[in-house]
Amino acid sequence: YLVRVVNDTSTQVTVTEGRVAFYNEKGEVLVNAGFQSRANVGSAPSIPTAVDVSGLIQWTADVSALPIDVEIPIVSSDRAVLRRELALREAAAKENPTDAGAHGRLAEVLYDLGQYSRAADEWALANRLQPQNVGWLVGMGQARRASGDAAGAIEILNEALRLSPENAEARTSLALSHLSAGDSIVARDVLGEARDGEAAAVGVTRALISLRTGSYGAAESSAAMVLQAHSEYSPALVVQALALLAQGETQKARAAAEHATRIAPHSAQTQGVLSMVAFFAGEMTDAARAANRAVENDPFSPFALFAQGRVLLARGDLGDARDALGQAAALSPNLPGLQESLGAVYLRLDLPLRAETAYRAALQQNPGMAELHAGLGAALHAQGKIAEAEKEYRFALDKEPKNSTARVRLAQLLIQQGQLDAAQQELQKGTAETPERGLLWVQ
């Protein structure tokens with residue numbers, strides 16, 4: 001259910017699923033799914049009225065909606081310290097323009113500050129001055145990946161791994177780049193079989209791959225194995241938190257995320273994961289606070305911007321949500337769940353063409369996801385593309401017959417077309433599949 005407090009003078013409750021008891025000192029009502037009630041200060045809650053909840057965002061802790069593209073290593077330096085260091089290293093590189101080391105060291109601090117394109121350029125210059133340096137190549141690949149260029153990162157990191165097949169950082173970065181490109185199978189092949197004593201970052205990357213492929217228990221186990229040997233390794237803690245969250249272990253996930261933020265308080269990733277955990281626990285104030293800290297720590301982190309945008313969307317701050325999610329998409333368009341959230345924002349802003357673009361991008365990553373087809377159908381419906389919209393709604397229902405959002409939208413489309421008997425048949429199917437959804441009965 002959603003709760004909205006208006007200027008501290010009234011509280012409004014909208015129920016999307018199940019039933020909620022809504023009461024104050026003046027009285028009580030039961031609000032069923034698809035209904036809404038409001039209580040003004042000093043008055044009992046109003047008699048519930050039917051509302052269309054099909055367009056409301058219903059968040060679940062499903063891994064397909066989690067931004068699990070965690071950076072390794074996690075940047076944790078204080079930004080004020082980094083800016084002072086940047087000035088020193090810029091001066092050194094300017095004084096020694098042919099010193100590869102000076103440019104490489106400048107690239108490191110640029111990367112930590114989130115200036116990924118500049119960092120990649122400096123590492124490229126260092127590599128021209130000192131060719132075939134694996135360190136420069138790995139840094140350049142990581143910066144390319146962080147700026148959203150997964151294909152460019154893969155090309156560079158393949159070269160680094162060719163030069164140094166045993167380099168764990170190159171192997172991990174290459175696997176993460178394939179993961180960013182949406183290819184979990186190749187990412188796993190890059191890592192190879194698990195070995196005793198392998199680097200902590202490799203173990204965490206294995207956990208990330210397991211998360212992306214839905215093996216939540218395996219992800220948690222991989223993270224736990226890393227933490228046995230490196231108890232303060234914050235990347236393992238944040239991945240563990242996401243794995244626990246995906247399994248519905250919200251309290252344990254919160255403990256792991258908070259532990260990570262204590263170790264690395266200036267990391268966009270640790271704060272972003274804490275925001276996600278608080279978000280799914282329904283603690284929006286804590287979620288917003290952590291998301292804002294994440295963006296302050298790294299204004300160019302797509303992970304942090306996505307965390308912030310999702311909280312803003314849930315709170316109804318659509319303009320700010322669009323800005324945050326749009327920036328995240330410009331930096332990392334393949335971040336899981338990002339395009340879906342953008343589509344939802346554009347739908348609610350009555351920008352259906354942009355919503356269509358976002359949902360189509362999301363479907364390239366998850367072509368069989370029913371909710372995405374329902375969203376695309378709504379975007380097409382709003383543009384008057386009736387036949388295409390109906391096709392998407394029916395595809396969503398073929399994939400997931402209990403998807404009441406697609407069912408209601410299809411019925412509304414049929415009603416608008418005057419096909420009342422067909423609409424009634426769809427709604428009867430819906431009430432049989434999901435009798436708890438009040439809006440189906442209202443329609």
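**A lysine in its helix, and beyond**

Modeller: Lysine 391 is located in helix α19, which comprises residues 386-399. Helices here are DSSP runs of H or I with at least four residues, strands are runs of E with at least two, and both are numbered from the N terminus. The model is a predicted one, in which local features need pLDDT of at least 70 and side-chain atom pairs count only at pLDDT 80 or more, while totals for chains, interfaces and linings use all residues. Residues are numbered from 1 along each chain as its sequence is written, and side-chain values use heavy atoms, with hydrogens and water left out.

Lysine 391 counts as exposed because its relative accessibility is 62%; the terms are buried for under 20% relative accessible area, exposed for over 50%, and partly exposed in between, with a 1.4 Å probe and protein chains only. Between lysine 391 and glycine 377 there are 14 residues of sequence separation, and their C-alpha atoms are 7.6 Å apart in space.

Two loop residues are exposed as well. Glutamine 132 sits in the loop between α3 (116-129) and α4 (134-146), and its relative accessibility of 53% is why it counts as exposed. Its phi is positive, about 60°, although it is not a glycine. Aspartate 350 belongs to the loop between α16 (338-348) and α17 (352-365) and is exposed at a relative accessible area of 61%. Aspartate 350 likewise is not a glycine and has a positive phi, near 60°. Most residues other than glycine have a negative phi.

Histidine 103, in helix α2 (residues 100-112), counts as buried because its relative accessibility is 6%. Leaving aside residues up to four places away in sequence, histidine 103 touches Ala93, Asn96, Pro97, Glu122, Leu125, Ala126 and Leu129, where contact means heavy atoms within 4.5 Å.

In helix α10 (residues 234-246), 13 of the 13 residues are buried, so the helix is largely enclosed by the rest of the structure. Helix α10 reaches 18 Å from first to last C-alpha, close to the 18 Å expected; the expected span is 1.5 Å times one less than the number of residues. After α10 comes glycine 248, with a positive phi near 85°. Helix α6 (residues 168-180) is also largely enclosed, because 10 of its 13 residues are buried. Among the buried residues of α6 are Leu174, Leu176, His178 and Leu179; their cover includes α4, α5 (150-163), α7 (184-191) and α8 (200-212).

The axes of α13 (residues 284-297) and α14 (residues 302-314) come within 8 Å and cross at roughly 145°; axes are lines fitted to C-alpha atoms, for helices over the stretch in contact, and angles run from 0 to 180 degrees between N-to-C directions. The residues making this contact include Met284, Ala291 and Val295 of α13, and Leu305, Gln308 and Val311 of α14. By class, the contact has 11 nonpolar, 2 polar and no charged residues, with Ala, Val, Leu, Ile, Met, Phe, Trp, Tyr, Cys and Pro taken as nonpolar, Asp, Glu, Lys and Arg as charged, and the others, Gly among them, as polar.

Finally, strands β3 (residues 19-24) and β4 (residues 27-32) pair in the antiparallel sense over 6 bridges, pairing being assigned if DSSP finds at least two bridges. The two strands form a hairpin with 2 residues between them, and valine 20 has valine 31 of β4 as its bridge partner.
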